[in-house]
Amino acid sequence: MRFETELIVDLERLRKNFTDLKTYYPHHAILPMLKADAYGHGLEACSLALWEAGAKSFGVASLGEGIALRDHLQQFESEIYIFSDLNFLTRNIWNTISNIN
């Protein structure tokens with residue numbers, strides 16, 4: 001027997017959670033991680049909701065994710081950090097961690 005599964009993402013709750021974090025930690029930078037299609041919740045919808053809540057920088061795991069996010073947020077000025085091994089930078093995407101050794 002197969003069961004149907006439905007995932008409902010509450011973008012208003014996501015915005016509120018991010019806003020609460022900024023309130024609790026006003027002197028800290030908060031970097032939302034949007035790797036793996038925002039953990040399966042939808043890169044486009046989650047990045048826009050977080051942008052609306054005040055996020056101006058985002059983290060991803062791969063160059064492909066960074067390019068997809070940059071293409072989606074091209075009308076906004078934002079920084080995208082890639083946390084993986086890369087040998088080049090493109091499209092205002094920053095390679096943050098390339099080797100921890």
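Which residue forms a salt bridge with Arg15, the closest N and O atoms being 3.1 Å apart? In this predicted model, that residue is Glu52. The pair links distant parts of the chain, since Glu52 belongs to helix 3 (residues 43–52) and Arg15 to helix 1, 37 residues apart. Glu52 is partly exposed, at a relative accessible area of 48%, and Arg15 is likewise partly exposed, at 22%.

Arg15 also forms a salt bridge with Glu12; these two residues lie three apart in helix 1, about one turn of the helix. Glu12 is exposed, with a relative accessible area of 53%.

| Glu12 | Arg15 | 4.0 Å |

Asp20 and Lys16 both lie in helix 1, four residues apart. Asp20 counts as buried because its relative accessibility is 18%, under the 20% limit, whereas Lys16 is partly exposed at 40%.

Strand 1 (residues 57–60) is covered on both faces: Ser57 and Gly59 are buried on one side, Phe58 and Val60 on the other. Strand 1 runs parallel to strand 2 (residues 79–82), and four bridges join them. Within strand 2, Ile80 is the bridge partner of Phe58.

The structure holds zero aromatic pairs. The charged end of Lys56, however, sits over the ring of Trp51, 3.8 Å from its centre. On the surface, Leu31, Met33, Tyr39 and Phe83 form a nonpolar patch with about 330 Å² of accessible area together. Met33 is found in the loop between helix 1 (11–24) and helix 2 (35–40).

Definitions and conventions: Residues are numbered from 1 along each chain as its sequence is written. This is a predicted model: local features need pLDDT of at least 70, side-chain atom pairs count only at pLDDT 80 or more; totals for chains, interfaces and linings use all residues. Side-chain values use heavy atoms; hydrogens and water are left out. Rings of Phe, Tyr and Trp (its six-membered ring) pair if their centres lie within 6.5 Å; planes under 30 degrees apart count as stacked, over 60 as edge-to-face and the rest as tilted. A charge sits over a ring if NZ of Lys or CZ of Arg is within 6 Å of the ring centre and within 35 degrees of the ring normal. Patches are made of residues with over 30% relative accessible area and no salt bridge: like charges are joined within 9 Å, nonpolar side chains (Val, Leu, Ile, Met, Phe, Trp, Tyr) within 5 Å. Accessible areas come from the Shrake-Rupley method with a 1.4 Å probe; for residues, only the protein chains shown count as cover. A salt bridge is a side-chain nitrogen of Lys or Arg within 4 Å of a carboxyl oxygen of Asp or Glu. Buried means under 20% relative accessible area, exposed over 50%, partly exposed in between (1.4 Å probe, protein chains only). Two strands pair if DSSP finds at least two bridges between them.
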